[in-house]
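This briefing is meant to be read with the coordinates open beside it.

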Amino acid sequence: MRHAANPSAMLLIVSGPSGVGKTTITRAIHESVPDSWLSVSVTTRAQGPQETDGVHYRFITEEQFDALIADPSGPPGLGKLLEHAGVYGRRYGTPREPVEQHLARGCLVILEIDVQGAIQIKQRVPGAFAIFIMPPSEEELMDRLRRRGRDGDEAIRKRFAAAQREMQEARSCGAYDVFLVNDDLERTVKQALRIVDEERALRRERASGPGT
Ligand code: 5GP
């Protein structure tokens, strides 16, 4: 997929381990940037009690997921998705068409996806920009996972180990343009907004620069 010719268009990836506050940060960026659009992923995981189908995710069956990636309208293995990955034994993917449509309109398109997804997007979409959110420390991450009160000790240990692996992978894979430490939510949101604004301004400037 080509990155849209519209110089305002930007594909923004936001990733980070669970418990780091990335959903809050992603939604804050979406609310602050008027021409932004937040992608809704498909997933085969169960819908949570606080979640709305079509808003947080589109909840689909394994068969529906298989049909999406087998669709002949797209590349083999991807079909109607731009990328997909297995996380905690469940599948997640980004529908391609709405992403392309919003990029063509010059929007800031936001994807909240994991490291495997970010690596795929970076290979396929030149110009995609990726931010990884880090916890201030491993102790703080452990505390946050405990405070969520969702999981027992064993599940918390597993999530913590998975978070450590994900942070390691994020550092070594080369897909991320920026790492932000979320030590203060408001400050992290402001930093993320400034980085996104500057990057878009730079691209617009380059597009209208000498010789064009
Ligand atoms: P959760 O089930 O907690 O909502 O999400 C689990 C993980 O899957 C998170 O790291 C989230 O960012 C990631 N994720 C959500 N949607 C997608 C997607 O469409 N593609 C990929 N690769 N990862 C996703």
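The points below are grouped by topic.

The structure is a predicted model, and every value given here was computed from it. The protein contains seven helices and nine strands, and the strands treated below belong to an open sheet of five and an open sheet of four.

**Overall dimensions**

- A compact globule of 212 residues would have a radius of gyration near 17 Å, and the protein has 17 Å, so the two agree.
- The C-alpha trace spans about 60 × 40 × 30 Å when it is taken along the principal axes of the protein.

**The five-stranded sheet**

- The strands of this open sheet follow the order E2-E7-E1-E8-E9, and their pairing is parallel.
- Strand E2 (36-38) and strand E9 (178-181) stand at the edges, and because each has a single partner strand, one side of each is left without a neighbour in the sheet.
- From one strand to the next, the twist of this sheet averages 25°.
- Within the sheet, strand E1 (residues 10-15) pairs with strand E7 (residues 108-112) in the parallel sense over five bridges, and Ile 13 is found opposite Leu 111 in E7.
- Helix H6 lies across strand E8 (129-134) and E9, and its direction runs at about 145° to E8.
- Helix H7 (residues 185-207) lies across E1, E7, E8 and E9, and its direction runs at about 160° to E9.

**The four-stranded sheet**

- The order in this second open sheet is E4-E3-E6-E5, and here the pairing is mixed.
- Strand E4 (58-59) and E5 are the edge strands, each of them pairing on one side only.
- E5 and E6 run antiparallel and are joined by six bridges, with Val 87 standing opposite Arg 90 in E6.
- H3 packs on this sheet, where it touches E5 and E6, and its direction makes about 35° with that of E6.

**The largest pocket**

- The largest pocket has a volume of about 1,700 Å³.
- Its lining is made up of 50 residues, and those that lie nearest its centre are Ser 18, Lys 22, Arg 45, Tyr 57 and Tyr 92.
- Sorted by class, the lining of the largest pocket comprises 15 nonpolar, 18 polar and 17 charged residues.
- At least two lining residues come from each of helix H1 (22-32), strand E5 (81-87), strand E6 (90-95), helix H4 (115-124) and helix H6 (153-173).
- H6 gives the most to this lining, with six residues, and H6 is also the helix that lies across E8 and E9.

**The second largest pocket**

- About 150 Å³ of space lies in the second largest pocket.
- The residues that line the second largest pocket are Arg 58, Leu 68, Ser 73, Lys 80, Leu 81, Pro 95, Arg 96, Glu 97 and Pro 98, and by class they are four nonpolar, one polar and four charged.

Methods
Residues are numbered from 1 along each chain as its sequence is written. This is a predicted model: local features need pLDDT of at least 70, side-chain atom pairs count only at pLDDT 80 or more; totals for chains, interfaces and linings use all residues. Side-chain values use heavy atoms; hydrogens and water are left out. On a 1 Å grid over the protein atoms alone, a cavity is a set of points where a 1.4 Å probe fits but cannot get out, and a pocket is an open set with protein on both sides within 12 Å along at least five of seven lines; lining residues have an atom within 4 Å of a point. Grid points are joined across faces, edges and corners, and a volume is the space filled by probe spheres set on the points. Ala, Val, Leu, Ile, Met, Phe, Trp, Tyr, Cys and Pro count as nonpolar, Asp, Glu, Lys and Arg as charged, and the others, Gly among them, as polar. Two strands pair if DSSP finds at least two bridges between them. Axes are lines fitted to C-alpha atoms, for helices over the stretch in contact, and angles run from 0 to 180 degrees between N-to-C directions. Contact means heavy atoms within 4.5 Å. The radius of gyration is taken over C-alpha atoms; the globule rule is 2.2 Å times the number of residues to the power 0.38.
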